[in-house]
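Trainee: I would like to take a close look at a single part of this model, and then see how that part sits within the rest of the chain.

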Amino acid sequence: MIASESSARARQPVSKLMSTKNAGKEITDELRPEYDLSKLTGGVRGKYYKRATAGTTLVLLEPDVAEAFPDGRTVNEVLRAVVKVARKQADAIASGLPNKLRILAARVFQPRQNPGLN
């Protein structure tokens, strides 16, 4: 590799340590007197749960599989590619079948109504 000016080492910035002026203060778990818990009624647990999880599927990946993917976006891209290949193979197989079986194969491998998988 040929060194150039852009690959020259720069001086590392001096990092400042975090302030410790509040480190000795004791943290209490008590609410301030102005908060009246008797007025905090009517809360419903899980009120928005269905709305928040609608259309979401959570999948637990095995550790060895998870190592191959840095984030969820990458997993989705790979799965979309696999679905695309599977559909093409199904179409190729179906094109060599008689009409009755071709219609059946088209029903089995019919694309889902998810725009991200097309």
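Is Arg-73 buried or exposed, judged by its relative accessibility?

Mentor: Arg-73 counts as exposed, because its relative accessibility is 53% and the cut-off for that class is over 50%. Please keep in mind throughout that this is a predicted model. The side chain of Arg-73 meets that of Glu-77 in a salt bridge, with 2.7 Å from N to O. Both residues belong to helix H3, which covers residues 72-95, and they are 4 residues apart, about one turn of the helix. Glu-77, at 42% relative accessibility, counts as partly exposed, since that class lies between 20% and 50%.

A search of the whole structure finds 2 salt bridges, and the other one pairs Arg-32 with Glu-34, whose closest N and O atoms are 3.8 Å apart. That distance still counts, because the cut-off for a salt bridge is within 4 Å. Here Arg-32 is exposed, with a relative accessible area of 54%, and Glu-34 is likewise exposed, at 55% relative accessibility.

In this part of the sequence there is also a nonpolar patch on the surface, formed by Leu-31, Tyr-35, Leu-37 and Leu-40, which together have about 480 Å² of accessible area. One of these residues, Leu-40, is found in the segment before helix H1, which spans 49-53, and with a relative accessibility of 66% Leu-40 counts as exposed.

As for the setting of these parts, the chain has 4 helices and 0 strands, so that its pattern, read along the sequence, is α-α-α-α. Of its 118 residues, 5% count as buried, and the chain exposes about 12400 Å², of which carbon and sulfur atoms supply 57%.

Among the elements of the chain, helix H2 (residues 63-66) has the highest mean pLDDT, at 92, whereas helix H4 (residues 99-108) has the lowest, at 69.

Key:
Residues numbered from 1 in each chain as written. Predicted model: local features only at pLDDT ≥ 70, side-chain atom pairs only at ≥ 80, totals over all residues. Heavy atoms only, no water. Buried < 20%, exposed > 50% of the residue type's maximum accessible area, 1.4 Å probe, protein only. Helix = DSSP H or I, 4+ residues; strand = E, 2+ residues; numbered from the N terminus. Areas by Shrake-Rupley, 256 points an atom, 1.4 Å probe, with all protein chains shown as cover. Patch = residues over 30% accessible without salt bridge, like charges linked within 9 Å, V, L, I, M, F, W, Y side chains within 5 Å. pLDDT = per-residue confidence, 0-100.
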